[in-house]
Amino acid sequence: MSDHHNDFMTKAIELSAERMRAGEGGPFGAVIVKDGRVVSEGHNRVTSSNDPTAHAEVVAIREACTALDNFSLEGCVIYTSCEPCPMCLSAIYWARLDAVYYANTRKDAANIGFDDDHIYDEIPKDVAERAIPMVHLELQLARDVFEEWRAKPDKVMY
């Protein structure tokens, strides 16, 4: 791995340690890089913000989108101290990041109490078989809004 990859990964890992030691959340950090410079940093803020979605990668994505004034992070890469969980992986795809570099694996995370396997197991299940009940309420109003979106001439696709 080249020196710049090591430098960016080291920054993500140091951020994870620093913010964990400060009591802000779990041991996870991330940086997003574009054109060889860091455009955002994120660390786990779940417990300090009472936000279960405040994972390092999601925080870094939100900050990068603000910094770049764009919902697309094409042309950017993320360095994260741990393999992304299913939520973060989804956010990475939605943000259109070019690549993910990670240090610890999801098995390493499971070994310290952060086991996401139950979520990975839920994703391919039929909706009716998931652990959390998912109830489809079919309403014409919802379909009408989707039809309005389809016909909207000035929509911005993402």
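A pocket, as the word is used here, is an open set of grid points where a 1.4 Å probe fits, with protein on both sides within 12 Å along at least five of seven lines, and its volume is the space filled by probe spheres set on those points. Please keep in mind throughout that this is a predicted model.

**First stop: the largest pocket.** Select Phe28, Asn44, His55, Cys85 and Phe114, which among the 19 lining residues are the closest to the centre of the largest pocket; the volume here is about 270 Å³. If you then colour by element, you will find that helix 2 (46-49), helix 3 and helix 5 (106-111) each give two or more residues to this lining. Coloured by class instead, the lining shows 11 nonpolar, four polar and four charged residues.

**Second stop: a loop residue.** Move to Glu24, in the loop between helix 1 (3-21) and strand 1, and display its side chain together with that of His43, to which it is joined by a polar contact of 2.5 Å. Beyond its neighbours within four places in sequence, Glu24 is also in contact with Arg19, Asn44, Arg45, Val46, Thr47 and Ser48.

Now centre on Ile78: leaving aside neighbours within four places in sequence, its contacts include Ala30, Val31, Ile32, Glu57, Ile92 and Leu97.

Show Pro86, Cys88, Ala91, Ile92 and Ala95, the buried residues of helix 4, which pack against helix 3, strand 3, strand 4 (99-104) and helix 6 (117-122). Just after this helix, look at the backbone of Arg96, where phi is positive, at about 65°.

**Last stop: the second largest pocket.** Finish by selecting His118, Ile119, Glu122, Ile123, Arg130, Ala131, Ile132 and Met134, the residues that line the second largest pocket, which holds about 150 Å³ of space. By class, this lining has five nonpolar, one polar and two charged residues.

Technical notes
Residues are numbered from 1 along each chain as its sequence is written. This is a predicted model: local features need pLDDT of at least 70, side-chain atom pairs count only at pLDDT 80 or more; totals for chains, interfaces and linings use all residues. Side-chain values use heavy atoms; hydrogens and water are left out. Contact means heavy atoms within 4.5 Å. On a 1 Å grid over the protein atoms alone, a cavity is a set of points where a 1.4 Å probe fits but cannot get out, and a pocket is an open set with protein on both sides within 12 Å along at least five of seven lines; lining residues have an atom within 4 Å of a point. Helices (H or I, at least four residues) and strands (E, at least two) are DSSP runs, numbered from the N terminus. Ala, Val, Leu, Ile, Met, Phe, Trp, Tyr, Cys and Pro count as nonpolar, Asp, Glu, Lys and Arg as charged, and the others, Gly among them, as polar. A polar contact is a pair of N or O atoms within 3.5 Å; within protein, one must be able to donate a hydrogen and the other to accept it, and residues adjacent in sequence count only if both atoms are side-chain atoms. Buried means under 20% relative accessible area, exposed over 50%, partly exposed in between (1.4 Å probe, protein chains only).
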